Amino acid sequence: MPTMNVDGKNIAWDGKKMILQACLDAGMEIPHYCYHQGLSIVASCRICLVEIESPDPKDPAKLVKVPKLVPSCQTPAVDGMKVHSISPKSVANQKAVMEFLLLNHPLDCPVCDQAGECHLQDYSYQYGRSESRFEEDKAKKPKKEIGKHVLLYSDRCIMCTRCVRFTREISGTGELGVFGRGHREEIDVFQGKSLDNPLSGNVIDICPVGALLDKDFLFTQRVWFLKKTASISPFSSGGENIFIEHNQGRVYRIKPRFNADVNKWWISDDIRYGWDFIHNNRLQAPAAKGLPQELTAGQSIGQLNQIIKNAAATASASTVLVLSPYDSTEEMFLAALWIRRVDPQAWLVLNPPKVDGQDQIFKNPSTGAVTYTLHAEKAPNHKGAEKVLAKLSGNICTLADLPGKIQSGKIHAGIVMADPLAHSDAALEAALGALENLVVLSTRPDGLAARVALALPVCTWAEKSGVFENAAGRIQAFQQAIAPLENTRSSGGIFWDLMDLAGTYDPVAVRRMMTELGLTEYANVAIPEHHEKIELMQFTEL
Ligand code: SF4
Ligand code: FES
């Protein structure tokens, strides 16, 4: 493996890498603004310049000092090289670049949403002057809305062009450009355009300063109060890796979590902004038709047990369990295991996920490389549901088969694990509308939950842990971010109690049961780490 010496420390790397990337991968930081691993290299901000001594091609044992500073983001790392990023010459350049960038930058950190995760703020602390020598008036530039989700505060922009390159190379939509020259230079959308592509929110993440801001998150929370929990997107079959950022039981935003094999650094706006169902329109307590008093959680589970057992005891009839591809595989597995234990003839049905047209593939227009896939299937765990059905086989049918079976008296009671996003309300109503003894496990009070024999409030994915399997068959764990809403439990917890298992619901224990039953792919699912605080300096992630 090639090695080089950076500020006295030897670091090694694989393959071809630029000096900056090799350093970042080794956990060493060199200040940078315009460089982003997912974008082309323009080497325009000049803060990453370093001094290097490179092996002489004619005599590799001899090091030749390069007379000028070189951009570490754009200079290939060479075996045997020496890099000086904290030498007096390199630091003088970092200070000069900082002074230049701060000439026109407003001093509004106390009211800027980016404070706490701003590279300009962090580097200013390390390399900036305590006083400005600039005596002229700062250039005034506009604040404006440039898209449905994105605000541009032009006077905070440092012209790194990451956002412009994103729209040209990742979304391929090219709405943004650089307009004007000199100190009048500005980022803006082209005339008549707005930044409304399905990946638009990513420009907020990659902007190293507070120039591009999230309208939804604006002034809602200081970032240093946020905790972040590693999770998986529940909005599509892509299995996009995300962080849920939250404080005191409330989710404030969703950010992409880097995964080279799944979503890289990006997520779609559907994922970023689709989470309001966590805090809105929730079923708050068990609701039973015909019972005057409110049920406790224990009573409602007893009632569910009774409804299914009574139907299973009817010689001519059976029961049905409708699985939701929004639930974790463990929950569906426990639910199916339990109903088959109570009623071996129970029908298992998969509520099919909504499919919205075809997958939308984004490509870099210059290279043709696929940059992101927006999956048409709008549920996270279709594959997991299919696996549960395959394992438990026996009586399996489709939603379309149910009305006939209900009308002929073959099915007398059922359980629906409802879809939290209401995509399938009409299909469920058409399939199960005639069934009187129906229990719904739902996050919402509407849909079937509003009129069935019993509705049990359950958690959203942010309030529980488990695994989803994406369209490519990748099994990924997600972690509980916030405490469940009062009176709600996970579907897994409800079936865990019905199965009479000891202790509290434990998805890892369920995965062990699944492994023992031959689903060996659940043996070693990696659990992502929990972050008590967001890291305020996330250079290697950005
Ligand atoms: S708006 Fe942000 S990302 Fe775009 S050029 Fe300015 S500083 Fe860079
Ligand atoms: S990060 Fe190298 S020049 Fe901007």
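These legends go with a few close-up views of a predicted model, moving from its cavities to its ligand.

**View 1. The cavities at a glance.** Counting those of 30 Å³ or more, the structure holds eight cavities.

**View 2. A look into the largest cavity.** Here 16 residues make up the lining, and Tyr326, Asp327, Pro420, Cys459 and Lys464 are the ones closest to the centre. Sorted by class, the lining of this cavity comes out as ten nonpolar, four polar and two charged residues.

**View 3. The second largest cavity and its lining.** This one has 14 lining residues, and those nearest its centre are Cys157, Cys160, Cys163, Cys207 and Ala211. Its lining splits into twelve nonpolar residues, one polar and one charged. It's also where ligand 1 sits.

View 4. Now for the shell around the ligand in the second largest cavity. One stretch of the shell to pick out includes Cys157, Ile158, Met159, Cys160 and Thr161, with Cys163 also around ligand 1. By class, that makes eleven nonpolar residues and one polar, with no charged ones in the shell.

How values were computed:
Residues numbered from 1 in each chain as written. Chains lettered and ligands numbered in written order. Predicted model: local features only at pLDDT ≥ 70, side-chain atom pairs only at ≥ 80, totals over all residues. Heavy atoms only, no water. Near = heavy atom within 4 Å. 1 Å grid on protein atoms, 1.4 Å probe; cavity = no way out; pocket = protein on both sides within 12 Å on 5 of 7 lines; lining within 4 Å. Sits in = over half its atoms within 2 Å of the grid points. Nonpolar A, V, L, I, M, F, W, Y, C, P; charged D, E, K, R; others polar. Points joined across faces, edges and corners; volume = space filled by probe spheres on them.
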